[in-house]
Amino acid sequence: MPDQLLFAMEVTLNGLMAGVLYALVALGFVLIFKASGIFNYAQGVMALFAAATLVGIMEGQVPFSHLINAIFGGEVTHFGWHVPALAAIVLTVLVMVLLAWLVQKLVMQHLVNQEPIILFMATIGLAYFLEGVSDLMWGSEIKTLNVGLPQGLNETIDQITYDAFGYGFFIDNLDIVATVIAGLLVVALMLFSQYTKQGRALRAVADDHQAALSVGISLNFIWVLVWSLAGFVALVAGIMWGAKSGVQFSLSLIALKALPVLMLGGFTSIPGAIVGGLIIGVGEKLFEFLLGPALGGATENWFAYVLALLFLVFRPQGLFGEKIIERV
Amino acid sequence: MIYREAGDFHTSYREDNQTFPIRFDRYRYYAVLAIAFVVIPFFINDYWANALLLPFLIYSIAAIGLNILTGYCGQVSLGTGGFMAVGAYACYKLMTAFPEVSMFIHVILAGGITAGVGMLFGLPSLRIKGFYLAVATLAAQFFLVWLFNRVPWFYNYSASGQISAPERTVFGIAVTGPNTESWATYLFCLIFLVASALIARNLTRGTLGRTWMAIRDMDIAAEIIGVNPLRAKLTAFGISSFFVGVSGALFFAVYLGAVEVGEAFGIQKSFLILFMVIIGGLGSIFGSFAGAAFLVLLPVLLKVVGADMLGWPTDIVAHFQLIIVGAMIVLFLVLEPHGLAQLWRVAKEKLRLWPFPH
């Protein structure tokens, strides 16, 4: 086989893996959008916050230590203990649930029945706020996150492809783990929404708020639940991205990566988020591989958006989105 | 007592139709103009001009532009930063290609070029609505910034990839470059702001503004009563981008002087302008001013209080700034979704009856 084709295959595989990570972030958006009609821009910052909290708990960092030191003097930074990864993850989930409750109580509850754009703005405000809190609480320096996920070249794949084509594909172990976890997460979410009482209530709310309210479903509870779920998805995404490139501000920018995925797949569809993520992942990697050198590189910044834009002109509701019916 | 329409008789159609129908409003407006044009230039110094006045003037123009698109026509745009970059780079290319032409013409032409680009990126708005459109405008943001970063023709093949403004004059007075007087740059921007506000105000009161608002309130209904959505949306994109382009050109040439595109016109800028419009008030020209003033003043104020008075490290102040800006936005949306302009409107209503409200 010609080299060029092999490279393209390797790029495609890596694109698929990257696409899964995009889909993971997009999933958090879809969950909240379906249940409450809120387009949650803060999803990316929630991932950052979750990852930073996880690192902070694992390392035994003192929250707000920088601020405390600045006001009272002194040099407190760490409690001096280390929490095992699993316990830290559980604690972080609790923090995210608390955050979900606070968001619902302090912000979203007061904005019920506002226009969608107002809600969107509120989540942008929330994103700024959380980013500030995260920096203040855990410090803004780049942190390494190590929860024991395997990293580096996967030798089995390298070996198999080398035997088959005479060229070993480079595929990161972490990407494989991320793919598996994302798959599990999606299955778990589907099972949850299909077979549990809360899941069914969730779908009812997504279908029709007022009808759900009239059969006795508590909207407040569902919204807290949805925000918690989104927080949990954010934590998983944060762990994956954090393990890949360190916990830092750029983590919050994955929200911007997830947006074209959502447009492509439709804001209301979980399978759409996954298919959209895969298309974007493969598309942008292949485009960069084939045309990037000719165009000057770094096309990944905009390719996804332009692809989604062209796509939307032909199908305004995305691939799997509900058909938009407008009445006067 | 003073703020009322009683005794203010309008005897002609023109008088009845003027921008400020209430006498007190009108005098206040003339007074503000007089202070801005005649008094401030004599007292201005470099600190005031660079820290507060220039950013306020320039951001106000951008906010007016975005307000036309988002507030009046209902099309949410997150591509403002990208369009500002178009204005800046168009201005740069014009400045370097035609050195002897007045800066006024360069800035206006830069706005015109941006209007063209804006209409191009506005085309999808005919098919795409709401959030999908907001995200689609991000395509403009990222693509344009990438373009100006990667194509050397736009920055005249300079080694650093930056663009920096050479010295250009208006009637023999330097307004760009390193040797400018603060009063000259201030007046230059002020003239553009006043002109923009006047044009925007009158556009939004006329046929065009009404078609925009019809499209905003319900596009299908508007179409049925005979508003052409293609024309309404594209003119909104074009005119909005014109103002945004002018502000981008001023931001680069007069205020910063040298620009790195990703830093000066990134996605953060788009959000900043959008916040100004939201906090100020959607669909209000006064709101654009108020929002711009608020978000220009806030960081300066926080820095003065936090870093200079309390002596905190600057990174903590920066974090607090994020928190406060975020909390402010949420608070505004919860308490007053229609922004500062609405507070102003309520205050005016109260003033009319003051001091005898019954």
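This is a predicted model: local features need pLDDT of at least 70, side-chain atom pairs count only at pLDDT 80 or more; totals for chains, interfaces and linings use all residues.
The secondary structure of chain B comes to 15 helices and four strands, and 46% of its 358 residues count as buried. A compact globule with 358 residues would have a radius of gyration near 21 Å, and chain B agrees with this because its own radius of gyration is 21 Å. Taken along the principal axes, the box that the C-alpha atoms of chain B fill is roughly 70 × 55 × 45 Å.

Chain B also meets chain A, in a contact that takes 41 residues from chain A and 38 residues from chain B. On the side of chain A that touches chain B, the elements that give two or more residues are α3 (65-72), α5 (116-138), α11 (254-265) and α13 (300-314) of chain A. Which element gives the largest share of that side? It is α5(A), with 15 residues. Sorted by class, the side of chain A that touches chain B holds 30 nonpolar, eight polar and three charged residues.

Two residues of chain B call for a separate look at their backbone angles. Most residues other than glycine have a negative phi. Tyr157(B), however, has a positive phi of about 55° although it is not a glycine, and Phe171(B), also a residue other than glycine, has a positive phi near 50°. The table sets out where each residue is found and how many other C-beta atoms surround it.

| Residue | Phi | Loop of chain B | Other C-beta atoms within 10 Å |
|---|---|---|---|
| Tyr157(B) | about 55° | between α6 (130-150) and β1 (163-164) | 8 atoms |

Tyr157(B) is exposed, because 12 or fewer other C-beta atoms within 10 Å is the cut-off and it has 8.

In chain A, Val275(A) has its place in helix α12 (residues 270-295). Is Val275(A) buried or partly exposed? With 19 C-beta neighbours inside 10 Å, Val275(A) counts as partly exposed, because a buried residue needs 20 or more. Once its neighbours within four places in sequence are left aside, Val275(A) is in contact with Gly265(A) and Leu319(A). Computed along the sequence, Val275(A) and Gly265(A) are 10 residues apart, while in space their C-alpha atoms are 6.6 Å apart.

Definitions and conventions. Residues are numbered from 1 along each chain as its sequence is written. Chains are lettered from A and ligands numbered from 1 in the order in which they are written. Two residues are in contact if their C-beta atoms, placed from the backbone, lie within 7 Å. Ala, Val, Leu, Ile, Met, Phe, Trp, Tyr, Cys and Pro count as nonpolar, Asp, Glu, Lys and Arg as charged, and the others, Gly among them, as polar. The radius of gyration is taken over C-alpha atoms; the globule rule is 2.2 Å times the number of residues to the power 0.38.
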